[in-house]
Amino acid sequence: MSNYHIKHLEEYYQVYRKSVREPENFWEEVAEEHFMWHKKWDNVLSWDFTKPEIKWFEGAQLNVTENCLDRHLPTRGNKTAILFEPNDPKEAAEHITYKQLHERVNKFANVLKNQGVEKGDRVCIYLPMIPELAVAVLACARIGAIHSVVFAGFSSTALSTRINDCDCKMVITSDGSYRGAKTIDLKGIVDEALESCPNVKTVLVAKRILSNISIKEGRDQWLQPLLDEASTTCEAEVMNAEDPLFILYTSGSTGKPKGMVHTTAGYMVYSAYTFKNIFQYRENDIYWCTADIGWITGHSYIVYGPLANGATTVMFEGVPSYPDFGRFWEIVEKHKINQFYTAPTAIRALAKQGLELVEKYDLSSLKVLGSVGEPINEEAWHWYNDNIGKKQSPIVDTWWQTETGGIMISPIPFVTPTKPTYATLPFIGIQPALMDENGNELKGNQVSGRLCVKFPWPSIARTIWGDHQRYKDTYFSAFENKYFTGDGALRDEVGYYRITGRVDDVIIVSGHNLGTAPIEDAINEHPAVAESAIVGFPHDIKGNALYGFVILKDVGETRDQNNLRKEINQIITEHIGPIAKLDKIQFTVGLPKTRSGKIMRRILRKIAHNDISNLGDTSTLLNPEVVQSIIDGANSESTN
Ligand code: WT7
């Protein structure tokens, strides 16, 4: 069957139509022909968006790691599975073959078992981008433990919130991490977090930076000696199709982070199928996604999708600017990268540097370029296309979300003609809908509205850990019988989609999804702060940056405002992480509020965008007079 690998536009349309007309037959064929099952399903799909309840391949039994590792051993045992490129270019890259990865995963899985981890237990992984991170993820999957990877840039408070939310009994971390010329004391952050996580019984510590760390007797253990003693065989736990595979947190517009739950069979099938087609991966290609495994992009398109296809996937420990801004291109040349997948914020930062940093390197191995995380602006698209792809490598602008598990709208390279800033066509099996504010679907082309999906796809998150009601309220209540993405989009005259950005209070900064509420909560912790509101404003590298309007408790506060600004950003760093720091902080006497007390962010957004000509109707505000004083304050505001 050619359905697994689409090579022409007519084929795309044909397969797409089939996936919409007979979704069950379609996905059944994909699942049947390309994966390894202990038992096949009784039912391909059952769903009800009103509950909401979605089940794919019910009755099937499998283990994802057998699909990612064991089944490749006879044909690809000596092929590189993971190619590890360290932070320091002088340190040798590591080529881990499928056979070696299989052994390392089995050993790690046995360590987890020996430490008392059982099927269904939650394990928190807080590691830098070193091979142990991928191995730990797969080791959890091997024994049916549910991994919850927390991005190692998050602070101790953010870490403890995530550990407690899903009640992890173990944390896997390292003695520290390298980040360019800096080192970060990850173990110290874990120690601090665990002061408020009484249920964590075990901490496994990988050695990376050889720093002196404190070891808490009875809780902390070095990983390596345990691995050395563990057996290289570990039979894979037989999982049910709908058993949770992992939890991954994403921010919402309100409240604590949402633990999105992804399940086993559907996630595997969809991440693998999208990987194969959207990167047009061929057997000897070297594929590199620059994301961190702490985000969904890394889960689906560094670990599961590539390995399920027997691909060679690069893991890069460092940052694009170290030792200089040529590092990405140096790596492309060094490892002869064929598919390169990164974020618009990185592209914009690199485009600011001189072209000599690009021209020094041979980029002729590149075949496909990817973009993910936020809308890619026209300028960045052309820079990427002209200077990196030399107009030969199609750009796949892939739109998707933590919740969707896999890419939803994207060109298929060499199949779908690309168009700058457009994510183009829905991927196979995806049925988007644009809705107006009254809940009507906008049919036809040249319309714009709120982006929804009408029909389930295999890797949709099944719930929010511990809060199914919130799952329903957030995604299935805005529009009847539809999954609501939180994004706005338009459909052009040929049916191509362009994502226009969030329509809720989530702000995407450097491709990171940041909810306003947790940041405001952090700011309000400052003893001098009475209230605050955050909005986004355009930033030429980060896409959006954060603008905070802050009311101080004491109107006559005499402390130096720049010190206060620093302290506020310090608190944000402690509560969430440096990625959530504010670029601008304006102290104000009030915030525009509706009569019911809700902050009118629309007005603050306009002020932050310096677009005050049309503020709309402010007469319904509780305190319309405050608007002018904020505008005056903004004019005298300096960038932080
Ligand atoms: C939000 C999801 C999916 C992996 C990384 C982000 C925005 C993502 C695109 C794109 C325009 C995009 C959306 C989406 N987004 N990709 N190609 N074009 N916007 O995952 O943290 O869950 O964020 O990122 O606003 O809703 P996430």
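Predicted model: local features only at pLDDT ≥ 70, side-chain atom pairs only at ≥ 80, totals over all residues.
Which residue in β14 is the bridge partner of Ser148? The views below answer this and more.

View 1. Residues are numbered from 1 along each chain as its sequence is written, and side-chain values use heavy atoms, with hydrogens and water left out. Ile247 in β14 is the bridge partner of Ser148. Strands β7 (residues 146-149) and β14 (residues 244-250) run parallel, joined by two bridges. Strands are DSSP runs of E, at least two residues, numbered from the N terminus. Two of them pair if DSSP finds at least two bridges between them.

**View 2. An open sheet of eight strands.** The order is β12-β11-β8-β6-β7-β14-β15-β23, with mixed pairing. β12 (220-222) and β23 (463-464) stand at the edges; each has a single partner strand, so one side of each lacks a neighbour in the sheet.

**View 3. Domain 1 against domain 2.** The chain is divided into domain 1 (96-234) and domain 2 (506-638), with bounds from an automatic or database domain assignment. The contact (heavy atoms within 4.5 Å) takes six residues from domain 1 and seven residues from domain 2. Together the domains bury about 430 Å². Buried area is the accessible area (1.4 Å probe) that two parts lose on being put together, summed over both. Phe154, Ser155 and Thr157 supply 63% of the area that domain 1 buries against domain 2.

Key. Helix = DSSP H or I, 4+ residues; strand = E, 2+ residues; numbered from the N terminus.
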